[in-house]
Structures are given as C-alpha cells and as structure tokens.
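Biologist: I would like to go through this entry one point at a time. Please give the cut-offs as the terms come up.

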Amino acid sequence: MGTFTIERIIAVPPPQVWDAVTDWAGYARWMPLTTMRLDQGPTRVGWSFAGLTGIGRLRLCDVMRITNWAPPSGAGPGAFRLVKVGHLLAGWAEVSVQPIAGGLQTHLLWRENIVIRPIVLGRLLAPVTDRFNKALFATVVEAMSAEAVRGPGGNDSGRSDQGQNASGR
C-alpha cells in the first residue's frame, strides 16, 4: 500500500496549474467512467467531494475531504491536502504548485496514498493496485497539465451539474 509521487514542470504560472488541479468537476473529464459530486460553495478546509467511478449500480465512491487549503497568491506557491474518508478507500493526497523560471513555469508535485479497505484486503491487492494507481494518476496529471497550458474551454461533456472551478479565488 504504497505512496506514489508524480512531478511535472508545466510551462505556465502556478495559478493556471492550480486552477486545473483544483477543478474538481473536471476530474470527470480525466478519470475514466467517473462523475463528480461536490459540496456547495468554494473549496476550503472541511469541504468535501466524491468521485463516483463505474457503470450503473456497480460504482466505487471515493469520498475526499480537504484538510489543508492554501491557494497561490499571485505567482507564488500553493498547496492542498485531502484525506479519503469513504467506506472503501482510505489514504490522502498532497498537491503543491511551486513557481520556477521567474514564475513563468510551475513545478507540480502530486503525492498520493490510496488504501483499499479493509486493510487486510488492501495489503493483498497492493502489488497490483499500487502500479495501477500510479499509472492512472500519471495519465490524469498529464491531462491536467495539458489543460492548464491550453486553458479549459471546448469540451465540457464530462463536467458535473455543479461544474464549478473550486480554485478558491
């Protein structure tokens, strides 16, 4: 039940990357077979959201709660932390955006730990799920990064009904 880390250098300032990685409704565009359910209002500590992944009644609900929320100020750094509080998945994610190249580029650091409950089952499945999760999130982070560079426009077909950008600004 490993922690994985994904890093990217993205050719836009931190606020643009932040807007992409905190577009909670946008996760439906990047995660296969996923729809999003979001709390009302702006993202803040204690705010929750869930990704529902699957087909029909066969769905996995990944419920997450924000525990640290520090959006970038100007072209400065930003970070958030969330914990997974659902019945099937536990774990956490820590995401930060750091300015580089005089603030014209961003170093994105995404660290995540995903644990299947019950823990005994999670330990048995970890050799397969850890590799799968890192590969999946590498693809997701790549899509987020590309969207940060080109801007969100165009295809909104994956957005949830509450299609808000939860950048907190």
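Biologist: In which strand does Ser48 lie?

Modeller: This is a predicted model, so local features need pLDDT of at least 70 and side-chain atom pairs count only at pLDDT 80 or more, while totals for chains, interfaces and linings use all residues. Residues are numbered from 1 along each chain as its sequence is written, and side-chain values use heavy atoms, with hydrogens and water left out. Helices (H or I, at least four residues) and strands (E, at least two) are DSSP runs numbered from the N terminus. On that numbering, Ser48 belongs to strand β3.

Biologist: Is Ser48 buried or exposed?

Modeller: Buried means under 20% relative accessible area, exposed over 50%, and partly exposed in between, with a 1.4 Å probe and protein chains only. The relative accessible area of Ser48 is 11%, so Ser48 counts as buried.

Biologist: Which residues does Ser48 contact, leaving aside neighbours within four places in sequence?

Modeller: Contact means heavy atoms within 4.5 Å. Val83 is 35 residues from Ser48 in sequence, and their C-alpha atoms are 9.5 Å apart. With neighbours up to four places away left aside, the contacts of Ser48 are Leu38, Asp39, Met64 and Arg65.

Biologist: Which residues does Ala93 touch, not counting those up to four places away in sequence?

Modeller: Ala93 sits in strand β6, and its relative accessible area of 2% makes it buried. Met64 is 29 residues away in sequence, at 9.4 Å from C-alpha to C-alpha. Apart from its sequence neighbours, Ala93 touches Phe80, Arg81, Leu82, Arg111 and Glu112.

Biologist: How many salt bridges does a search of the whole structure find?

Modeller: Side chains of opposite charge can pair when their charged atoms come close. The test for a salt bridge is a side-chain nitrogen of Lys or Arg within 4 Å of a carboxyl oxygen of Asp or Glu. One network of such bridges links Asp23, Arg29, Glu147 and Arg150. For the whole structure, the number of salt bridges found is eight.

Biologist: What is the N to O distance in the salt bridge between Glu94 and Arg81?

Modeller: Both residues are partly exposed, Glu94 at 27% relative accessibility and Arg81 at 25%. Their side chains meet in a salt bridge with an N to O distance of 2.9 Å.

Biologist: How many residues apart are Arg111 and Glu94?

Modeller: Arg111 is partly exposed at 29% relative accessible area. Its side chain forms a salt bridge with that of Glu94 at 2.7 Å, N to O. The pair links distant parts of the chain, with Arg111 in strand β7 and Glu94 in strand β6, and the separation is 17 residues.

Biologist: Which strands hold Glu112 and Lys84?

Modeller: Glu112 is buried at 2% relative accessibility, and Lys84 is buried at 4%. Their side chains meet in a salt bridge of 3.3 Å, N to O. The pair ties together parts that are 28 residues apart in sequence, because the strands are β7 (residues 105-116) for Glu112 and, for Lys84, β5.

Biologist: What is the volume of the largest pocket?

Modeller: On a 1 Å grid over the protein atoms alone, a cavity is a set of points where a 1.4 Å probe fits but cannot get out, and a pocket is an open set with protein on both sides within 12 Å along at least five of seven lines; lining residues have an atom within 4 Å of a point. Grid points are joined across faces, edges and corners, and a volume is the space filled by probe spheres set on the points. For the largest pocket, the volume is about 580 Å³.

Biologist: Which element gives the most to the lining of the largest pocket?

Modeller: The lining has 32 residues, and Met31, Leu60, Asp62, Leu89 and Leu136 lie nearest the centre of the pocket. Elements that each supply at least two lining residues include β2 (34-38), β3 (48-55) and β4 (58-70). With eight residues, the element that gives the most is α3.

Biologist: How many helices and strands does the protein chain have?

Modeller: From the N terminus, the order of elements is β-α-α-β-β-β-β-β-β-α. The chain has 169 residues, and 44% of them are buried. The secondary structure comes to three helices and seven strands.
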